[in-house]
Amino acid sequence: MYLIDCPHCGPRAQLEFTYERTMDSIAPAGADPQEAMRVLYSRANPMGADDEVWRHTYGCRAWLVLTRNRMTHSIDAVRAVGPETLA
Amino acid sequence: MNRYSVFGLMRGALGGQKHWQPAWRDPEPRASYDVVIIGGGGHGLATAYYLAKVHGVRNVAVLEKSWIGGGNTGRNTTLVRSNYRLAPLHNLFDFGLKMWEHLSDELNYNVMFSPRGAMFLGHSDADMTMLAQRGDALRCDGIDAELLTRDEVAKVEPLIDMSRTARFPIEGALMQPRGGTARHDAVAWGYARAADVLGVDIIQKCEVTGFVRDGADGSGAVVGVETTRGRIGAGRVGICVAGHSGQVAGLAGLKLPIESQTLQAVVTEGVKPMVNSSVMSQSLHCYVSQSDKGGIVMGGDPDNWPSYARRGQPTVIETAIAQTIAIMPALSRLRMLRTWSGVTDMSFDGAPIIGPTPVRNLFINGGWCYGGFKATPASGWTYAHTLATGAAHPLNAPFALDRFVRGATVDETGVGPMPNHR
Amino acid sequence: MTELTITALPPAPLNAAEIWSNPAQVSVRCQAALGFALPGMGQSAGSEALKLLRYEPTVWLAEGDVAPLAAVLAEDGAITAIGGGIVRVRIAGAGWRALLMQGGVFEAEAAAFAPGHCAATVIDHVAVRLFVENEDACLAYVPSSYAAALMHFWHDVLPLVGAD
Amino acid sequence: MSAGPSRISPGGETVTFTFDAVTYCARAGDTLAAALLANGVGLVARSFKYHRPRGIMAAGIEEPNALVTVGEGGRAEPNTRATDLFVYEGMVAKSQNAWPSLSLDLGAALGLASPALPAGFYYKTFFGPAKRWMRYEWLIRRAAGLGNAPTLPDPDKFAQRAAFCDVLVVGAGPAGIKAALEAAESGAQVMLVEQDAVLGGSLHRDPDPECDAAWIAASAARIAALGGRILLRTTASGYWDHNFLTLTQRLAEPGAVPAHGFAQQLWHLRAGRVVLATGVIERPIPFTNNDRPGVMLAGAVRTYVRRYGVLPGRRVVIAANNDDAYRTAAALIEAGAEVLAILDSRSSSTADAPDGVPVLYDARPTHVSGTAHRLSRVTALVREREQSWTADLLAVSGGFVPVAHLHMQAGGKLDWNEAAQAFVPGVTHQNCVTIGAAADPVPATPAAPAGHPKKSFVDFQNDVSLADIDLAWQEGYRSVEHLKRYTTLGMATDQGKTSNMVALSRLAERGHVSVPQAGLTTFRPPFTPVTMGLFAGAGARNAAAHERRLALYDLHEARGPVWQPLGYWFRPRAYTLGSETLAEAALREARGVRTSVGLTDVSTLAKFEVSGPDAAALLEIVCATTVSKLAAGRGRYTFMLREDGMVFDDGTVWRLAEDRYLLTSSTGGADRMASHLSFVRNVLRPELRVSVVNVQEHHAGIAFAGPKASTLLAGLIGEAPPRHMSLARAVIAGVPVLLLAASYSGERAFEIYAEATQAQPVWRALAAAAEAEGGAPYGMDAMELLRIEKGHVVVGGEVDGRTTPRDLGLDKMLNKAGGFIGANGLQRPALSEPGRIELVGLEALGGEIAEGAMLIGAGGGAPQGHVTAAGRRVIEGGAIALAHLAGGHARRGEELTAASPTRGITTRVRVVAPHFYDPAGERYRD
């Protein structure tokens, strides 16, 4: 059970979070259809760190990008995504 | 090689069992092979066996970075069945199931295939209709499937909670009588021993670190592999590494529609027989059976985020155990003895990927998600065909790698390209 | 066992106030119009008539009369009624923190989770929002459909509170 | 009942218990093992494979032999270690795996066949068809397993609780207590957990004047005073990621009735730092018959003597390869036993033996003999010459194995300690440190086994001998993992706690390599076995899935409906009257809607309010249909695609105001849709000025449908209701409502939304109005009949995640401008190839159509599609269905067979358009 340092809530148990997908699966806006499908179906799936989209679903509901190592499970960075928020 | 038989054991009883030879050789790698298979799991070893046995391709090496059968072959919950809803899947898996029925004799190694029945429980009329649909699809394609009533379920598994007030009451089940379990390690060892006899080199502790490519810029066809035990030439190379598919394919610059996730399983202390079949639930996501040693073997959903660490998350097993106890309350006081994990190769439609890659002479067999063990004979048979001929076998043709970008996915659960939604 | 009461409160006017732009300016307007600034994450602010709880980065749970808040938000956000779907459960008594550790993952026992603070978490598989009313009481905002089940769970584990 | 014959100072026995129906006395604080030894019971169990007689070998959780079943009925716990079970009044313990009795176990005959049953024998025989193997398997399964399987539900509950601390100390021996005290004094919030029932650990075996009972008590009090938490009978059993641990706490002994109804509690603990003071486990020594009752670990002997006042033997031989065992000699002499010899496998030692105890160097035990109940003779090789003693106890010590399980579960590495011949904790990336004996075990010298390999047991419970390890080696199973799997070594309930190192040493010996080169197995959770019910917690009763209850639950329940699960929700399936069957009720209810009026609860539908200047822009990304052209006050049908172009949900979208929309979608997809909307809004388009609020539970929804619905509703609201696909606000029974004129049934209909807390009067008013006109509430089955006849698709049926808008006949509604999610996926070539599965209607040419049945063409062959939903014409009768059919759009008029072999139903059907009722939509007009 990871401890994920939510930029909005502080460190919380993984049970409050859900994994959605890797950043490398999201095609840039305006990509042509073939390129978008290629991106959707190609994952680097590295045996090391990767950028992943998670959501604090059972907490603040915000979306986060975790840089997480798939071997050690260390979470090296957590970044908030979404609209501007009040500090 | 000694032939295995009860007489051999009797003979050994007099001589302290000293006459048994190694089950497979421990050869040094040769300079090159007609076919190199990367991955000494059940699928890779079966592929090698059928290459030698069926196609006469005996100059074959199986390269295993650790010890054979140590990946998902030795970590799964040993269920064998073929009762998928979609025809390309049930046709492939049932081809395999028919092979399971004779595998011990075929290999002269008892893989303990035990067709004690694979039962999907239905918890509502809606579940039962879905199960009937699946059963009808199977029966129309000549595969066994029977709808069981509540009473029939209770007869097979007397310890299931049949009360109407159960949180997920039992309305019936879909039974595949020919389904069951097998001894997972024996499958790897049996194929290894049988392949070894036919001349296949099984090379353990040999990790592939790169591909040798021809062409001026090194981007042409694969002609060999770099390994921790040196360069090995190859006519064709078949990747067969389950959860590590992405990593090995990545050595050739490929990105696959595969994400590696952890799947955990649990076994209890051994007790006398109490679970007679393999029980799965349609609405919940748990499955349970009892090993021949008496341990109750259980599993549930994967830890549905990427990982290679073989370290699970405890609440995932807590949920699977809660679901299992809700179905079979008498399990409550048994003790969980051991948990373990495998790295599953979750494909983006839930179906395997077998066939050529965009790199010439490089083939892939992976994406089995959490259901590859039962396919071992069929996977090996059809992959051997593909590696021997360079062409798809009719049974693996629907599972080509290009199906994703073409839009021809085989999506049994219909949840689309996100494996964690499956 | 410690004395602990678990009570479902009557429905309250609850709204979600979501701000999509200029949150700092909205906060300034809020201070000017209502006398308090928008609370930060995990905090609350408000008056007798209106209490704002912040569980989300862009959404404030507003309990009370939100009419003046609409003008504060102006073109920077919107208000949506949500009170029909939430049951407020008051857990009162010294053991509320220990009770909320049962089936949970959030550190309700932390001293930093002080009166006026709030947090969203999951308890026995149910998403709940907690608000510390005072040292002796905590309010849980529970999805209506799960309220009966979660209250049953809390009553069930009550004997364990104070038993450590 | 008298005092136990082996009790050193008799008296004090106050607790009675039974073992195999014989009543015995014990002292409070005794483990079952101590109590049995005190009572002179030597034979306690039978081994797994050969049913060899076994007694008590250890004093802690590593005990491989003495397993019993304790408790009765649903509380019975099989395979309970007698050394980890504190006796309580009335405790009922039974031996296992023996028939007809422990003393006379016919299974022991298997031992005679053991030469033909080496490791892995089953891989080499039992060939033939699978069914033949199943006959052998039947026998093997009955012979295997240890305790009897439980058959009753558990009467007790299990709790799970979160906890947090700065420092967790595992193990309350002297090192652990000191570490906890120090951390607490430094201001840290401390937790100290101990699997034993008392604090002190090794101090009960090896007293230390500086750490006496008073010191233990004072330390505990000080830790508590500083806010620390001390838990006894609590095992740190799992060490997971990010310093998360699972602690299992026994609130009652196994088999006992718990005080508050909770037998155990699982702690989900997050620790800042973890200090492992977990001690060591003593290694046994392999020699012939080393598994017999009367062969015990030397440290365990000391524990029984000093902690429990029990003397396990009076004429004792000690065999060891280290200094520690000499202390056992001292303890035995103190207690009045005779120590015949210390057999030290080393060539010399500086350890002090008690006066009068002969020490023999270069001495290794070769075999022991005795009865199933007790030992009588010990034989050893002393400087290669055989020597024997008449003895009733052999205390052995083959060195010490650090308890590094948690360290390794945490992902830590192990280092080889040559002096101790043991793996000790090495580096770890978690914040975790090991202290005490586990970090610094007593030195021990390797010694070659001197007995017969076949009877020199390594894994006692699974009867794995040195000969089995040798055979595995000979056959090529040389990796330690192959060895374990081939021989079953380390797979028993003790998970190799006493056997792993002995086996590794043998493997190293055979391979002529060092022990670390021979390999190392991985320790996985749990450290000791954990009761399944504890891991399930409260979820054992609800499958970890709470029921979700409708806001109008009470009103439905008063009508006694048949409830239908839908996800975690329960909705009325039909309101049966009198002796009606479900099907009759559904048809009556559906006919009521077609001819008069009906009402049904649609509260579970997903609902989102989307507001702000960019609301339409967001919806046009999520929905595949146009939204922005919708006028305020109007609504329309919509559907949503996944990125791969498949339809994954559908619903309606309503423009409530200029910049405010209400989006509805399916019940089953509600959570997924909530996540999808949030993902699109926050991750893909954070710049949009839009608010998306989930209002699924805020509104209760009631569908009011039928030819009389409009008139009746007008009467209730006092004005003309909105026309089809328009909306209005009104008041019913004093409650403000939102009226959406939408129809799922095919009749003129309204979805009436009220705040859920106020919805009951609205339902009552609508129900009263309906019932006055012969209408009635209807349930999901009637709704299903109505929508099938109308040809509406449903998510989970026709929308199965594999169909495109074109497959479903929805492609004309696609937003021509594109830009929606799924637009790219739809371009894939295979999605426009001929022969795709397409939506059609079916009419039966006689008989009923089975839902889910396969569609077979006139020429037979493989199925070409299936029946997605089967119903009937509500008024006229006659079976109809919706179906998926390959190339179906072009096959109208074709006759097929709908076959359900599992249900024995085969029906001839004709392919028709999937609209059976009012295809022009004339009934929507007033």
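Which order do the strands of the open sheet of 5 strands in chain D take? Keep that question while you set up the view.

This is a predicted model: local features need pLDDT of at least 70, side-chain atom pairs count only at pLDDT 80 or more, and totals for chains, interfaces and linings use all residues. Residues are numbered from 1 along each chain as its sequence is written, while chains are lettered from A and ligands numbered from 1 in the order in which they are written.

**Stop 1: the sheet in chain D**

Select the open sheet. Its order is E34-E35-E36-E33-E37, with antiparallel pairing. Two strands pair if DSSP finds at least two bridges between them. Strands (E, at least two residues) and helices (H or I, at least four) are DSSP runs, numbered from the N terminus. Now colour E34 (635-641) and E37 (691-694) of chain D: each has a single partner strand, so one side of each is left without a neighbour in the sheet. From one strand to the next, the twist averages 25°.

Zoom in on E33 (residues 606-611) of chain D. 4 bridges join E33(D) to E37(D), and the two run antiparallel. Find D:Glu609; opposite stands D:Val693 in E37(D).

Contact means C-beta atoms, placed from the backbone, within 7 Å. Axes are lines fitted to C-alpha atoms, for helices over the stretch in contact, and angles run from 0 to 180 degrees between N-to-C directions.

**Stop 2: helix H3 of chain D**

Select residues 174-185 of chain D. H3(D) has 12 residues and reaches 16 Å from its first C-alpha to its last. In H3(D), 9 of the 12 residues are buried (20 or more other C-beta atoms within 10 Å of their own, with C-beta atoms placed from the backbone). Among them are D:Ile177 and D:Leu181. Show what covers the buried residues: this includes E8 (157-170), E9 (190-193), H4 (213-225) and E13 (262-276) of chain D. After H3(D) comes D:Gly187, whose phi is positive, near 100°.

**Stop 3: the two domains of chain B**

Colour domain 1 (24-109 + 183-257 + 349-421) and domain 2 (118-178 + 260-347) of chain B. These bounds come from an automatic or database domain assignment. The contact takes 33 residues from domain 1 of chain B and 30 residues from domain 2 of chain B. On the domain 1 side, H3(B) gives the most, with 5 residues.

Notes:
Two residues are in contact if their C-beta atoms, placed from the backbone, lie within 7 Å. The expected span of a helix is 1.5 Å times one less than its number of residues.
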